[in-house]
Amino acid sequence: MPEKLSHTIVNVAARLRTMARLQPYKRAVVCPCGRDSQGRVAYTHLTFRQLDIESDCLAQGLDDMGISRGVRTILMVKPSLDFFALVFALFKVGAVPVVVDPGMGVSRMLNCLKESQAQALIGIPPAHVLRTLAPGYFKSVKTFITVGSRWFWGGLTLGQVRNRLWQPYRMADTRADEIAAILFTTGSTGPAKGVFYTHGVFDAQVRSIRTQFGITPDEIDLPTFPLFALFDPALGMTAIIPDMDPTKPAHVNPERIIEAIVNQGVTTMFASPALLDRVGRYGKEKGIKLPTLKRVISAGAPAAPANIEQFSAMLTEGAQVHTGYGATEAMPVSAFGSDEILGETRKLSEQGYGMCVGKPIAGIDVRIIRISDGLIAQWTDDLVLPNGEIGEISVRGDQVTRGYYERPRDDALAKIIDGDAFWHRMGDLGWIDKKGRIWFCGRKSHRVSCSKKTMFTIPCEAIFNNHPRVFRSALVGVGPQGRQRPVACIELVPGDSGKGKKGLKKELLALAKANPLSEDIETILFHRGFPVDIRHNSKIFREQLAVWAEKKG
């Protein structure tokens, strides 16, 4: 980070305080809190003024007990009023929340928590049961706070920590380059890693999201992924906490999502492709319209044009589904709307050009560099490929994180030094067209290296996905690098009985042979249900499918 920015005072919690002054009585966070005998949902909420005061009271209490500037603090609290108040309280004192997605599984989550070497833990009762049963993973933790009822373990409750006499808390004068949080990736394409988020990165993300999507203070958001909800108070938007299990978006009850949109007049919704598909499928069947929705933002994995078209049927004229591109390490990178997707890029994606993810947003530089699995220490312009050639997507900008927690090797592989700045290697492959749009072609680690050529997942899979009986496909390589045999794994559409697979296989092989992208594929394998990532239920675990394909022969 440039020297002049490293000394700039930035605390992301200051945005909440500003909103509390500008719109004190607007609802900041709304949570479902039960249903009556008729099944009607009841809600509880905090206004921006209340959220600012509540986080002040918690900040003073946390500070008094030693959770202060720089203290790494595991936060294991479900989306709720307390969750929002605690996050902004931690920002105000300058502590560093450590956030791990519980959907990644207990074993992986415990390893992440141990790796963080946190000094404090704030969690709901199940979190404290976990640390009691597995104390070896929490050896560094000295301060324990329970959100809810404390049972047989020690420490304090949140009610005991909260300072009941409110006074405006003087928030820490954190610098732009000071660590604000450590967010762990789910490890869907490798080991889970703790990503350093600075106050400057958070602030840049808020500015980018507001500009890119035209967010105004009168907006009401339904963030179906909890971490995205944290941007809402900083943007001045009302956050409606959905009635769902955020770790299982593919199994969400669509009626509950639609209920929240209609009850609260939601204008913006974040949704993974899996949730988009489930709710869109239900809405199409029931002929539902959602007139208040101005925009839907889909991210986490590429959203198929058919999925976008299906959900768009519920929207009114002028409203769009925006598909975004980014990662925990750099977000957002690009985005564009369904009008352009359905009207222009869809037909090209179906022909194997890749999945278009739009133009880079303002403030982000994107370059396509030659494919390499090794370390690149210094940036040179010789790395950059001409537009139209497939290479690794690399990005630079204020919302790009600078590294991982205690992972110097991963830092070296992911970052390229460029003077006082750096480029982040996304680990994704793609190309840029004449209009400056990015086309995503799959993960670098998923490319199939054959003796004659290299094959890329997204373009090849599009050829099979055009078949009406195919729900999704996955290209995998069997054998050693450089001499891999390409295999197409096929998952049939839900409800397909699987009858006539021999004839279907012939049809799919004929499709493959008719296209130069897939002509080398001679093996088709049918799989009952692809293994997918836990967070978005959309990213296919091709590594697991490759092992399965090798066993199947």
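Visitor: On a 1 Å grid over the protein atoms alone, a cavity is a set of points where a 1.4 Å probe fits but cannot get out, and lining residues have an atom within 4 Å of a point. Which residues line the largest cavity?

Guide: Val12, Phe88, Phe91, Phe202, Val206, Leu227, Leu230, Phe231 and Ala234. Bear in mind that this is a predicted model, where local features need pLDDT of at least 70, side-chain atom pairs count only at 80 or more, and totals for chains, interfaces and linings use all residues. Numbering runs from 1 along each chain as its sequence is written, and side-chain values use heavy atoms, without hydrogens or water.

Visitor: Which elements give two or more residues to that lining?

Guide: α4, α8 (199-213) and α10 (231-235); helices are DSSP runs of H or I, at least four residues, numbered from the N terminus.

Visitor: And what's its volume?

Guide: About 70 Å³, counted as the space filled by probe spheres set on points joined across faces, edges and corners.

Visitor: Switching topic, which residues have the most contacts inside the largest nonpolar core?

Guide: Ile67 and Ile122, in a core of 68 residues. Such a core is a set of buried (under 20% relative accessible area, 1.4 Å probe, protein chains only) Ala, Val, Leu, Ile, Met, Phe, Trp, Tyr and Cys residues joined through side-chain atoms within 4.5 Å.

Visitor: Where does its largest share come from?

Guide: Helix α4 (residues 81-93), with 11 residues.

Visitor: What does Ile122 touch?

Guide: Leaving out residues up to four places away in sequence, its partners include Leu62, Ile67, Leu86, Leu90 and Val147, with contact meaning heavy atoms within 4.5 Å.

Technical notes. Buried < 20%, exposed > 50% of the residue type's maximum accessible area, 1.4 Å probe, protein only. 1 Å grid on protein atoms, 1.4 Å probe; cavity = no way out; pocket = protein on both sides within 12 Å on 5 of 7 lines; lining within 4 Å.
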